[in-house]
Amino acid sequence: MSNSTLLQIDKNEARLGMFIHGFGKQWLRSPFAASQFKLSSPAELKALRESSVTTLVIDLSKGVGPTSSTVELPKPIESSTPPGTEATLMKATGMVRSIFSDAASSTRVDQQQVEAVVDVVDQLLYTRPASVLNLTKLKTKDEISFQHSVAVCALVGLFARHLKLDRNLVRLLSIGSLLHDIGKIRIPTAILTKADKLTAHEMAVMQTHPREGYAILVGTKGLPEIVGEICLHHHEKLDGSGYPDGLKDTQVGAAARIVAICDVFDALTSARPYKKGFTPEAAAEMMGTWSGHFDRVLLKQFFDCMGLASPSVPAQTRQMTDEMGGIAQADLHNF
Ligand SMILES: [Fe+2]
């Protein structure tokens, strides 16, 4: 570490009076809203010990260092836990349900309601970034589509900030990701909730949802075009095998590529009535092997953002990855 006052320690060495400088790539697992602060209460120490963080970086110039003899035991937590993730998810889910059902009858979306949900999700990202991984797990049978929309919105919000995109662009990506599956309101529930494999006909019906959603969004006055584009192209794959247009490589815009990664990650890590969710690590490993599906450069950046091990890049996809590097970086800033 270049700064000699910084020291990486195991979380079990943490004690009151230490100044936390950061959590490295594990920041997403941090139970704290702030990234740099002095550990000053037993409740904070307990939260740190019980979190999935394994190591942290402390600043010796601003607080005490580790000691092998005096590790302070936390006292019972008193209780000022920030608003729960589940409560926030329920609130946002209810709002999305209302947006989707209004769109079913009026074939347009209420932009004010959409902005309000993005505000709720943003608040969660600001106060409890670590809770995003929980959002991807907390789904109940009847609310899967709505909760999926909120979870993808949160993942995209985090990822877009990690990519250091412009604030306005982050906002548009959040709105687009919240609405990416709105076309599912036109898909029969029997198909949407079917546990068994879809027939060819059912699959064809299911695959109309990007176009159905796009029709709703382009009919909504004032909604930026990128929002419709995300909805229309979130199931495209870079090798041209996606739908609805079979776009290839650079034909798939960066916004759709970002949302596609977050969409699939949430789908894999979510429990369904008929399956358990994969762990984030297992999902990352699977996604890393699907050559031709995702933008590999963005995929690696996504795993960096989530503090997950980067997937290995198979030799046959390395050239495409190199090409995509320039493209992805260029059009990330050129929506
Ligand atoms: Fe979709």
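This is a predicted model: local features need pLDDT of at least 70, side-chain atom pairs count only at pLDDT 80 or more; totals for chains, interfaces and linings use all residues.
Let's start in a loop: K164 sits between helix 5 (144–162) and helix 6 (167–178). As background, most residues other than glycine have a negative phi, and most peptide bonds are trans.

**The backbone at K164**
- K164 is not a glycine, yet its phi is positive, at about 60°.
- Is K164 buried or exposed? K164 counts as exposed because it has 8 C-beta neighbours inside 10 Å, and the cut-off for exposed is 12 or fewer.

**The loop between helix 10 and helix 11**
- Here you can find P244, in the loop that runs between helix 10 (225–233) and helix 11 (254–269).
- The peptide bond leading from Y243 to P244 is cis, and its omega is near 10°.
- D249 is also placed in the loop between helix 10 and helix 11.
- Although D249 is not a glycine, it has a positive phi of about 40°.
- D249 has 13 other C-beta atoms within 10 Å, so it is partly exposed.

**Helix 10 itself**
- How many of the nine residues of helix 10 are buried? Seven of them are, so the helix is mostly covered, given that a residue is buried if 20 or more other C-beta atoms lie within 10 Å of its own.
- The buried residues in helix 10 are V227, G228, E229, I230, C231, L232 and H233.
- What do the buried residues of helix 10 pack against? Their partners are helix 6, helix 9 (209–218) and helix 11.

Notes:
Residues are numbered from 1 along each chain as its sequence is written. Helices (H or I, at least four residues) and strands (E, at least two) are DSSP runs, numbered from the N terminus. Two residues are in contact if their C-beta atoms, placed from the backbone, lie within 7 Å.
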